[in-house]
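This report describes a two-chain protein model, one chain at a time and then together. Please look over the sequence and the structure before reading on.

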Amino acid sequence: VALVAAALLVAGLIAVLSRQGTADTQTPFNPDAASDRLVIGVVNTGSPSDQEVTRGLKLWVNQLGEVGGVPYGFGQVAAIEVDEQRAAPTPGGAAAAARKLLATKRVTALVGPTDPDRLAAVAEVAVKSRALLFSARPRPVQSRFGNALTYVPRGQPERLRSSLDIVDRMVKGKPGSSAKGRGRILILYKRGSWGLRALKGADEARKRGYKVKSLAVPGTSSLGGILRSAGKVDFTAAYAPPRQALSWFKAGGRDRSPWTLVADETTAIEPGLGKLKAAVEVPWSTSQSFGDGLFGPGGFARAYDVAFGGTPPTDAVAGASIGLIVRTMVIVARSTDPTRLLKARDATPILTPLGPIVFQRGQPRQVPSVVVLLGPKSTTPLLPNDKGVAGLRKSVPPKARPAAPTPAPAAATPAVPAPATGTTTTPAGR
Amino acid sequence: VTAAASRVGQAEWRLLVALTTVLVVLGSLAGLAGHYRPVGVVLIAVASVVALLDLRAACVLVALTSPVVSLASIDVGFHLLPSYVILAAGVLGVLARREWRRIKLIRADYLLLGFIAVAVIVTLATYGTAPNTTVLGAVGQNSPHLRGFAQLAAIGTMVAVYFLFRAGGREVVEASVRALLVAGGFVAMYAVYQAIGQQLHLPYTYVNERRTVAELGQGLDYIRVNSSLPEASPLAQFMAIPLFLGAAWSLPWLRRPGWVRRLAAAGFALGAMLVIGLSLSKAGIVAVGLCAALLLFLTLRRLSRRRRLVLIAVTCLVVLGAGLVAVALRGPIGNPSNVLASERYVRLGYWDSAVQIAESHPFGVGVGNFPFWYPLYAPLRGGVEYAPYVADAHSTVLDALAETGFLGGALYLLFPVVLIVLGARRSRRVDGPERALLAGLTTAYAAGALMHLTYSYAYFPFEWVLAGCVGAMVATGAARPAPSAVEAA
């Protein structure tokens with residue numbers, strides 16, 4: 001009796017432990033719809049941001065159709081399609097649209113609205129239906145939806161990473177500079193949300209060993225006094241709405257050391273530049289090449305101009321990046337199985353026009369921005385090398401040259417992976 | 001039946017041979033005329049009745065059908081049908097006559113029973129937990145709600161083969177060995193046909209040729225001439241039986257049974273070696289090299305230090321030579337990395353996945369559930385194969401590890417190890433023809449176990465026939481039955 005009881009006890013223990021071992025595994029996603037054909041359903045609530053995300057994604061998918069699809073595994077090809085569903089601009093409307101896409105179109109992945117409340121409503125539906133979800137929100141959401149939500153960032157230039165990469169090269173070897181005391185950085189900002197972004201930029205500069213002076217600028221008239229009081233600096237960054245930042249640059253900044261306007265995109269700055277050239281740190285540049293070879297340098301901007309007119313805003317780039325991310329996931333996973341796609345997403349850096357993105361359970365880790373030299377009808381990416389150093393100086397007129405430090409000798413690997421080609425191109429847009 | 005007929009007289013034996021020959025000829029003619037189904041069913045039915053009535057006949061029939069399990073087309077049903085029906089009849093007979101009481105359990109049996117218990121518990125406990133992956137599209141016995149039980153049934157059937165022979169005991173071993181040698185002749189003919197047929201583009205040539213039904217041409221039924229041997233390694237694994245038995249009987253310092261001449265023994269060994277070479281199985285060639293040393297070790301009663309060193313040195317040379325031959329057969333000899341790289345590409349991803357599954361689920365995911373978990377754990381790196389439709393870990397031990405956890409995996413690994421050790425010990429203690437027989441069987445089983453480290457499916461009945469024979473000889477001792485009328489003749 002004791003032997004039988006012990007055997008039953010052991011058997012029960014094994015049964016419970018094995019059941020628990022399989023039950024606590026994260027539930028994978030529904031692969032039923034995914035067999036060499038991935039349908040991405042877009043919930044479009046009609047907001048400008050949603051419109052642009054949809055435009056960008058459709059543009060990318062059309063281009064993919066031209067080359068026949070995504071090759072993967074043993075000679076298989078996955079077709080990627082987009083199905084758009086218009087939704088009322090409410091959380092309930094967005095959720096209803098998501099349900100409709102899942103029920104009638106058999107979509108594998110959803111692209112949620114950029115509005116946080118509507119996105120949350122769509123996420124609830126996606127989690128329940130075990131569908132993948134992408135979001136092109138400007139800011140990450142608190143991910144209570146776990147692994148399913150892939151947040152595609154629109155870039156974070158406020159961290160001032162790329163500009164500082166170039167400045168690092170400029171001050172390197174300069175007398176008196178060391179790892180802990182590299183030089184002086186002046187950060188000008190407008191109070192409010194721009195001030196918060198400036199704070200992050202200052203943190204980054206301090207981390208790199210610069211002495212940072214952050215000053216709020218009440219108006220263009222007071223700029224002269226502020227600049228005089230700041231004294232001699234190695235680099236200046238301006239955090240303000242595009243027009244205001246541009247007016248500061250024109251008012252006094254261009255006579256000083258290299259500086260960067262921090263902006264979400266170049267569109268609003270370019271028309272006001274006239275014949276001037278200014279360095280702008282932006283999430284992406286129109287001349288950047290997509291990592292998948294579908295669009296060459298500047299190709300996406302040209303295609304967007306042909307299809308919709310004008311320069312693509314960052315939302316459209318984020319939309320196209322969703323397609324690009326899905327494509328990379330399929331290639332790396334060698335499968336269209338959604339669970340495996342998520343595994344692939346978190347396993348490798350994905351090169352997008354927004355920079356190489358590394359995901360961790362759907363949340364992107366460091367997202368680099370790019371610095372471009374914006375001129376009349378031209379945008380040149382400034383890579384952190386000698387060419388970039390020289391390019392940044394071009395934003396400062398020659399008469400102010402003595403203020404600029406001596407450029408550093410060449411070489412050394414850039415701290416941030418180069419996100420773009422080095423060619424200068426003229427976008428077809430403005 | 002002719003192979004089993006060690007108890008009948010000379011006249012009856014001749015009659016049986018004549019009857020069998022007539023049946024085979026009639027069956028072949030009917031088969032050529034396209035009546036596979038009725039002929040197959042009639043033959044299986046007749047064999048099953050015989051198996052039901054006599055345990056020795058059941059063992060011999062199972063041994064005979066163990067490699068050649070698909071003489072009927074798939075229209076008849078499951079390709080293992082003949083073996084399974086005959087086995088079921090044999091087991092029923094054993095139960096009805098209470099012959100199972102004759103089984104004297106040995107240590108290996110406890111390990112096998114323990115593994116089966118763990119496999120059943122884990123499979124039942126994890127029922128319904130197969131993850132939602134692309135493999136869910138599988139249907140029939142491979143669908144997620146059936147696969148676990150289907151695989152469990154297959155393993156259970158193989159364990160039944162093992163215990164059928166254990167119930168038969170030492171008495172059935174010799175007859176079964178003769179049956180295996182007869183079957184080996186058919187397999188050798190099949191292998192030679194494969195080798196020549198592939199060169200001449202003849203039909204039904206499958207070994208190392210993966211073909212789909214669509215490739216067979218119109219009006220051609222899909223008949224797998226030998227569906228347990230559609231690939232090179234199982235074919236080579238089976239041919240290890242005549243190889244090592246023939247080698248053991250050819251050794252001058254060992255005695256062989258009266259019914260085997262030395263010339264015939266040498267013929268078995270050389271023929272089997274030729275077939276293994278023709279199969280191009282790398283695992284087979286390497287395993288044969290290693291196990292040749294084991295055979296020598298088992299047959300030499302006293303091994304001095306010098307002899308042991310010589311044996312190790314010769315083994316190393318043989319394995320090196322076997323490796324070079326294996327490389328030469330599959331690619332340019334000057335570039336062995338290509339062969340290794342291809343093997344690495346094919347197998348490493350599955351092995352890696354199995355280990356990952358076991359690490360995440362130390363108590364197993366249920367028998368047959370490896371393919372459902374595989375897409376979640378398969379490596380993403382491009383240097384290894386990813387094929388979600390492949391249903392196994394390319395290693396039986398790793399299959400057991402992933403599906404039944406560390407406990408099940410350990411029990412499954414220890415079963416052949418302990419059985420080989422027991423067989424080896426026993427063979428070094430006995431004398432006479434018993435020694436050569438047990439050494440040959442143990443070595444052949446060891447070669448198969450070694451080969452199974454690189455491919456899956458423990459559902460080849462012949463390896464369980466072999467295990468049952470070794471187990472029976474270990475359990476029942478060295479007493480040799482009195483020579484029969486046939487042997488005397």
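## Chain B

Chain B exposes about 21,200 Å², and carbon and sulfur atoms supply 68% of that area. The model is a predicted one. The secondary structure of chain B consists of 17 helices and zero strands. Of its 489 residues, 52% are buried. Among contacts in chain B between residues at least 6 apart in sequence, 78% link residues at least 24 apart.

## Chain A

Chain A has twelve helices and 17 strands. Buried residues account for 56% of the 430 residues in this chain. When contacts in chain A between residues at least 6 apart in sequence are considered, 69% join residues at least 24 apart.

## The interface

Contact between the two chains involves 31 residues from chain B and 25 residues from chain A. The area buried between chain B and chain A is about 2,300 Å², and carbon and sulfur atoms give 64% of it. Three residues, B:Asn132, B:Leu380 and B:Tyr386, supply 30% of the area that chain B buries against chain A, more than any other three residues.

Polar contacts are present, with eleven residue pairs counted between the chains, both residues of each pair at pLDDT 80 or more. On the side of chain B that touches chain A, α5 (107-125) and α13 (370-377) of chain B each contribute at least two residues. By class, that side of chain B has 21 nonpolar, eight polar and two charged residues.

## Two helix residues

B:Thr404 belongs to helix α14 (residues 396-429) of chain B. Its relative accessible area is 2%, which is under 20%, so B:Thr404 counts as buried. The side chain of B:Thr404 reaches the backbone oxygen of B:Ala400 at 2.5 Å. Leaving aside neighbours within four places in sequence, the residues in contact with B:Thr404 include B:Phe115, B:Val118, B:Ala119 and B:Val122. Also among them are B:Phe363, B:Gly364 and B:Val367, together with B:Asp399 and B:Gly409.

A:Gln51 is placed in helix α2 (residues 48-67) of chain A. The relative accessibility of A:Gln51 is 30%, so this residue counts as partly exposed. Apart from neighbours within four places in sequence, A:Gln51 is in contact with A:Asn44, A:Gly46 and A:Arg86. A:Pro113 is 62 residues away from A:Gln51 along the chain, and their C-alpha atoms are separated by 9.5 Å.

## Two loop arginines with positive phi

Most residues other than glycine have a negative phi. A:Arg334 has a positive phi, near 55 degrees. This arginine is found in the loop of chain A between α10 (314-333) and α11 (338-345). With a relative accessibility of 13%, A:Arg334 counts as buried because that value is under 20%.

In chain B, phi of B:Arg98 is positive as well, near 55 degrees. B:Arg98 lies in the loop between α4 (81-96) and α5 of chain B.

Note on methods. Residues are numbered from 1 along each chain as its sequence is written. Chains are lettered from A and ligands numbered from 1 in the order in which they are written. This is a predicted model: local features need pLDDT of at least 70, side-chain atom pairs count only at pLDDT 80 or more; totals for chains, interfaces and linings use all residues. Side-chain values use heavy atoms; hydrogens and water are left out. Contact means heavy atoms within 4.5 Å. Buried area is the accessible area (1.4 Å probe) that two parts lose on being put together, summed over both. A polar contact is a pair of N or O atoms within 3.5 Å; within protein, one must be able to donate a hydrogen and the other to accept it, and residues adjacent in sequence count only if both atoms are side-chain atoms. Helices (H or I, at least four residues) and strands (E, at least two) are DSSP runs, numbered from the N terminus. Ala, Val, Leu, Ile, Met, Phe, Trp, Tyr, Cys and Pro count as nonpolar, Asp, Glu, Lys and Arg as charged, and the others, Gly among them, as polar. Buried means under 20% relative accessible area, exposed over 50%, partly exposed in between (1.4 Å probe, protein chains only). Accessible areas come from the Shrake-Rupley method with a 1.4 Å probe; for residues, only the protein chains shown count as cover.
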